[in-house]
Amino acid sequence: MSEPRIPTELVAPIFNPATFSNPDRVHDIFRTLRRDYPLAVAEVPGYDPHWIVTRYADLREITRQDNLFHGGDRSKTLISQAGEALVKQFTGGQSNIFRSLVQLDPPEHGAYRSVLAPSFMPDKMLAFKDNIRTVARDYVERLAAFGGSCDFATDIAFRYPAQIILDLVGVPRADHEKMLDLTHWLFSYADPDLKRPGSNPADPEEITKTWNIVFNEFKEYYEPIIAARRANPTSDIASLVANGKVFGHEMEERAMISYFVIISTAGHDTTSATTASGMWVLAENPDLLARLKAEPALIPGFVEETIRWASPVQQFVRSAVEDYELRGQTIRKGDLVYLSYTSANRDEEVFENPYVFDPTRSPNRHIGFGYGAHICLGQHLARLEMKTLWEELIPRLAAVEMAGPRKHTESEFVSGPKSVPIRFRLQ
Amino acid sequence: MAEYKRYRCTTCGTEYDEAKGWPEEGIPPGTRFADLPDDWICPVCGTDKRFYEEIVD
């Protein structure tokens, strides 16, 4: 390859989960990459070479062409060579443990997405509004019950969106804690506080081992639910998925289980991270809290900016179906492209003062929910959940400040605040 | 004059309202969906114009 290379010592840290415990360092790396190596190749020992895509425009150009950049031919997320080999061993030759909407390519992707897409369109959110407000008020009361200090991430933000989506799926409340644990194992396989007990982050195959365990845990959990909903369909999401047809047939088994995995994990984890980020921003910016209290109409803009600000999904990886010219470079057929959502959402070519939190940013065309046909199916639900919680909480939140250092998840895939200790006063 | 119509992106749910246009995208109010360029894409998710559907209330 004669393509520009990124010095290994500069780029290798973004392949290491531990780096993401320090978001400032991550932003420093990507700021340098955008400036000096906006589209260049990373060769990190133990990994296949990856084009690192740092610019917003490039990321959008790639992700709106699912026919040219596949997500399912190779691992959809960053993985070591050893980890990818083990995936093939576990799956009988496939490149991903999961075959969810995230990994599927056209035409399968559209067929699977259409099973749930109509239920998550904006007009369908009206049916959820009252219930979400009830849950939001309950969580404000839970916050009040902490009596002035808590860890907003673990006590509130981890749980509120999980309760909403898992209720919609039809998961009994008694099982929500199990779903939270599996979610953390999946997205935080290397984090010392959230990882699967017994996992070994130093093992290059660990992500595959953990994800295979997570898949099997979900399979064991959901198989009886799938059977029950097929026998007696209800109005919940589990019934829609269990009885969903793809090209006129039942879903393929791994894809169906993966459908439940993605709803039960991605359906709340990124919202949790974004909500926790919002409180962290408020706790460090009392003027912002005062402004939102005085101008509640700014809350939707505040939510939108927290999504850009948090960008919990760090990366997805795609492989080129054919040679493709981009930013004066030739991405060859089969090459891997690492798409940095964190970087794109701080791209100076698109966002004025990208490192300033601005609830009045307009337009705020972040790609925190992705772009193209794979854009987050639950984006409207996530927005509604966050808007409703802040509408309920901000008028009562007289004061808030950090009560200790925040901590971020050690994950090169999905990373956000895992601890936001606060002192607060509610009215 | 025919009533203005609304169209929805089948991928992300974004609505295009002919009455409002999309001024921040340079599309003045009153612009018919049919008059948008063929290579127009959803400003939010990048989906092709052909995957927008008319909203029938």
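Reader: Which helix gives the most to the lining of the largest cavity?
Author: In this predicted model, that is H12(A), which contributes 5 residues to the lining of the largest cavity.

Reader: And what else in chain A supplies at least two residues of that lining?
Author: Besides helix H12 (253-265), the elements of chain A that each supply at least two lining residues are helix H5 (108-116), helix H9 (176-187), helix H13 (269-284), strand S7 (315-320) and helix H17 (379-393).

Reader: How much space lies in there, and which residues are closest to the centre?
Author: The largest cavity holds about 890 Å³ of space, and of the 48 residues that line it, those closest to its centre are Val102(A), Ile262(A), Ala266(A), Cys376(A) and Leu377(A). Sorted by class, the lining comprises 29 nonpolar, 15 polar and 4 charged residues.

Reader: Switching to the interface, how many residues of chain A and chain B are in contact?
Author: The contact involves 14 residues of chain A and 16 residues of chain B. Between them the two chains bury about 1,100 Å², with 44% of that area on carbon and sulfur atoms. On the side of chain A, the residues that lose the most area to chain B are Arg64(A), Met121(A) and Arg365(A), which together account for 44% of what that side buries.

Reader: What does Arg365(A) meet in a salt bridge?
Author: The side chain of Arg365(A) forms a salt bridge with that of Glu25(B), at 2.4 Å from N to O. Across the interface of chain A and chain B, the rule finds 4 salt bridges, and it also finds 8 residue pairs in polar contact, both residues being at pLDDT 80 or more. The residues of chain A that touch chain B divide into 6 nonpolar, 3 polar and 5 charged.

Reader: And over all chains, how many salt bridges does the count come to?
Author: The count comes to 47 salt bridges over all chains. Among them is the pair of Glu349(A) and Arg55(A), whose side chains meet at 3.8 Å from N to O.

Reader: Why does that pair tie together parts that are apart in sequence?
Author: Glu349(A) lies in the loop between helix H16 (341-344) and H17 of chain A, whereas Arg55(A) lies in the loop between strand S2 (50-53) and helix H3 (56-63), so the pair ties together parts that are 294 residues apart in sequence.

Reader: Back to the backbone, then: where are the cis peptide bonds?
Author: The bond from Pro106(A) to Pro107(A) is cis, with omega near 5°, and Pro107(A) sits in the loop between helix H4 (81-91) and H5 of chain A. The bond from Ser362(A) to Pro363(A) is also cis, with omega near -5°, and Pro363(A) is placed in the loop between H16 and H17 of chain A.

Reader: Which residue has a positive phi although it is not a glycine?
Author: Phe247(A) does, with a phi of about 50°, and its place is in the loop between strand S5 (245-246) and strand S6 (249-250) of chain A.

Key:
Residues numbered from 1 in each chain as written. Chains lettered and ligands numbered in written order. Predicted model: local features only at pLDDT ≥ 70, side-chain atom pairs only at ≥ 80, totals over all residues. Heavy atoms only, no water. Contact = heavy atoms within 4.5 Å. Buried area = accessible area lost by both parts, 1.4 Å probe. Polar contact = N/O pair within 3.5 Å; in protein donor to acceptor, adjacent residues only side chain to side chain. Nonpolar A, V, L, I, M, F, W, Y, C, P; charged D, E, K, R; others polar. 1 Å grid on protein atoms, 1.4 Å probe; cavity = no way out; pocket = protein on both sides within 12 Å on 5 of 7 lines; lining within 4 Å. Points joined across faces, edges and corners; volume = space filled by probe spheres on them. Helix = DSSP H or I, 4+ residues; strand = E, 2+ residues; numbered from the N terminus.
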